[in-house]
Amino acid sequence: MSDQFRVVFVGFNADTDSHNAMESLATKLGVSKQKVVAFTQGKPLFGAAEKNKCLKQAKLLAIYGFQSKVQAVQSSMTNAPQVNNAANERVFEALDYITSSLIRIEEKLEELEQRIDGQNKSSEEKEDDEWQNDELFDELDLDAEPKPRSKKLLYTLLAVLFILLIVLGFSLAFPEMVQL
């Protein structure tokens, strides 16, 4: 079994507001602020893990203004039974894995948001340029004269109307000629 280590709180950076640092770390990790306060009082925030993982946790804490150190965990504890410790360690390891996974996911989402924002801005600029371009209007024949229609239908209708008016005039002038 490999050596196990744990991140231990040492203090805050000189330029760090402890209240804001604890709130932002609790938000980042998705834990209650009381758990972060307990970490500053000596209780573990992360479970025992390999040294590389503990160094990453210490780096995360340093980002938020916490000073910490990595300590080796003693293999035997006299106060608690071994079965309880093993279960607690598995729970801490699971929580560490979930926490680190969430951090990686959040970093990926931030990268994707930045990429999407950059692409949206460039596509909006391209769209603006396209509207200012006159090529779209060149495709439309806005100045073209409408095609002349055939007047044959118009003349036919006028001729039929004229004939009907003549028939109506004869029927009114000579009513005895029209028998219904």
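Is Phe-9 buried or exposed, and what is its relative accessible area? Phe-9 is buried, with a relative accessible area of 18%, where buried means under 20%, exposed means over 50% and partly exposed lies in between, using a 1.4 Å probe and protein chains only. This is a predicted model, in which local features need pLDDT of at least 70 and side-chain atom pairs count only at pLDDT 80 or more, while totals for chains, interfaces and linings use all residues. Residues are numbered from 1 along each chain as its sequence is written, and side-chain values use heavy atoms, with hydrogens and water left out.

**Aromatic pairs**

- Rings of Phe, Tyr and Trp (its six-membered ring) pair if their centres lie within 6.5 Å, and planes under 30 degrees apart count as stacked, over 60 as edge-to-face and the rest as tilted; by this rule the count comes to six aromatic pairs.
- Phe-9 and Phe-39 form an edge-to-face pair, with 5.8 Å from centre to centre and 65 degrees between the planes.
- This pair links distant parts of the chain, since Phe-9 is in strand 1 (residues 5-12) and Phe-39 is in helix 2 (residues 33-40), 30 residues apart; helices (H or I, at least four residues) and strands (E, at least two) are DSSP runs, numbered from the N terminus.
- Phe-39 is buried, with a relative accessible area of 1%.
- Phe-12 and Phe-66 form a tilted pair, at 5.0 Å centre to centre and with 45 degrees between the planes.
- Phe-12 lies in strand 1 and Phe-66 in strand 2 (residues 66-72), so this pair ties together parts that are 54 residues apart in sequence.
- Phe-12 is partly exposed, with a relative accessible area of 25%, whereas Phe-66 counts as buried at 2% relative accessibility.
- Ring pairs link Phe-9, Phe-12, Phe-39 and Phe-66 into a cluster.

**Charges over rings**

- A charge sits over a ring if NZ of Lys or CZ of Arg is within 6 Å of the ring centre and within 35 degrees of the ring normal; the charged end of Arg-6 sits over the ring of Phe-92, 5.9 Å from its centre.
- Lys-51 lies over the face of Phe-5, at 5.6 Å from the ring centre.

- Gln-57 is placed in helix 3 (residues 51-63) and is buried, with a relative accessible area of 8%.
- Gln-57 touches Val-7, Phe-46 and Asp-96, not counting residues up to four places away in sequence, where contact means heavy atoms within 4.5 Å.
- Leu-109 lies in helix 4 (residues 82-132) and is partly exposed, with a relative accessible area of 48%.
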